[in-house]
Amino acid sequence: MTTTPEGVSLGMPQLPAPDYPDDVRARLERDAAEVVARYPDSRSALLPLLHLVQSEEGHVTRTGMRFCAEVLGLTTAEVTAVATFYTMYRRRPSGDYQVGVCTNTLCAVMGGDAIFEALQEHLSVGNGETTDDGKVTLEHIECNAACDFAPVVMVNWEFFDNQTVDSAKRLVDDLRAGVQVEPTRGAPLCTFKETARILAGFPDERPGAVEATGGAGPASLVGLRLARGEAGTARVVHPRDGGPHDEPQDTVHEPSPGEHLSSHDAPQETSASDPSHPSPTTTRDGGASPRGLDAAGPTAEEGE
């Protein structure tokens with residue numbers, strides 16, 4: 001049914017989506033053929049194709065879904081069912097930078113809720129809304145598997161670790177002003193459209209982007225070290241405001257080499273968005289896979 005911008009149904013069937021202009025469609029068809037060729041069953045290419053059409057307009061339009069359906073021999077209903085299931089596919093125009101504040105349990109208690117509330121007020125937008133200049137879309141997001149760097153803010157799926165209200169405000173202000181900002185880990189930041197094309201499986205051709213890596217911190221890697229027999233039994237980290245029960249409260253507990261420290265137990269030398277809240281440097285176990293042709297595989301979210 002056709003609806004007004006206010007969401008009121010007019011009771012009339014929706015007209016078919018318009019097609020892309022001829023030159024745009026020809027270009028997308030060439031890219032789509034390259035994507036589809038990677039899969040033994042063409043319909044398996046739907047997820048990267050949705051990223052491809054998202055890279056064209058910044059969100060998945062009805063035209064984009066029609067294109068995917070025609071290329072893969074699917075119905076628009078089948079494509080719509082997928083496009084509306086995954087949150088990485090935007091259904092309405094959004095900003096050049098998707099700023100996501102993790103509000104899952106650990107990030108929330110470490111300050112994520114406060115950051116999200118402060119950014120809504122600072123940017124004068126609500127959840128999922130975009131600033132008037134079209135630069136920033138703000139949203140709260142679920143866990144991004146970076147709990148030892150909590151609270152985490154992501155911009156176009158790149159990590160900005162150990163944020164505070166002030167550092168997050170500076171981050172969005174810089175994005176809106178066109179100031180180059182560097183993620184705490186991973187590849188240099190690019191626009192949301194560029195990110196969508198990379199997620200479609202096309203290589204990031206920016207100099208140095210593929211070589212850029214990022215890694216998990218000590219808290220994320222303790223299980224791996226235990227499995228390798230490189231550390232003793234993990235201990236429960238004592239509260240910051242007190243030591244273990246069998247030690248005097250004014251005694252500083254010195255961990256043994258086999259004990260695990262989270263990234264919040266002690267500052268570690270690294271660069272971060274906020275100098276007073278550093279995050280760990282990359283360890284030998286923490287190197288992330290470089291971004292390139294292997295980006296065609298499913299994302300963490302799409303693998304749910």
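**Note on the predicted model**

1. Read along the sequence, the elements of this protein come in the order α-α-α-α-β-α-β-β-β-β-α-α-α. That pattern is made up of 8 helices and 5 strands. The model is a predicted one.

2. On contacts: take the contacts in the protein with a separation of 6 or more. Of these, 66% are between residues 24 or more positions apart.

3. On helix H3, which spans residues 62-72: its buried residues are Thr-63, Gly-64, Met-65, Phe-67, Cys-68, Ala-69 and Leu-72. What do the buried residues of H3 pack against? Their partners are three helices, namely H1 (22-36), H2 (46-57) and H4 (76-83).

4. On the residue after H3: the helix is followed by Gly-73. The phi of Gly-73 is positive, near 70°.

5. On helix H5, residues 105-123: Val-109 is found in this helix. Is Val-109 buried or exposed? With a relative accessible area of 63%, Val-109 is exposed, because a residue counts as exposed when its relative accessible area is over 50%.

6. On the surface patch: Val-109 also belongs to a nonpolar patch on the surface, together with Leu-106 and Met-110. The accessible area of Leu-106, Val-109 and Met-110 together is about 250 Å².

Note on methods. Residues numbered from 1 in each chain as written. Predicted model: local features only at pLDDT ≥ 70, side-chain atom pairs only at ≥ 80, totals over all residues. Heavy atoms only, no water. Patch = residues over 30% accessible without salt bridge, like charges linked within 9 Å, V, L, I, M, F, W, Y side chains within 5 Å. Areas by Shrake-Rupley, 256 points an atom, 1.4 Å probe, with all protein chains shown as cover. Salt bridge = Lys/Arg side-chain N within 4 Å of Asp/Glu carboxyl O. Helix = DSSP H or I, 4+ residues; strand = E, 2+ residues; numbered from the N terminus. Buried < 20%, exposed > 50% of the residue type's maximum accessible area, 1.4 Å probe, protein only. Contact = heavy atoms within 4.5 Å.
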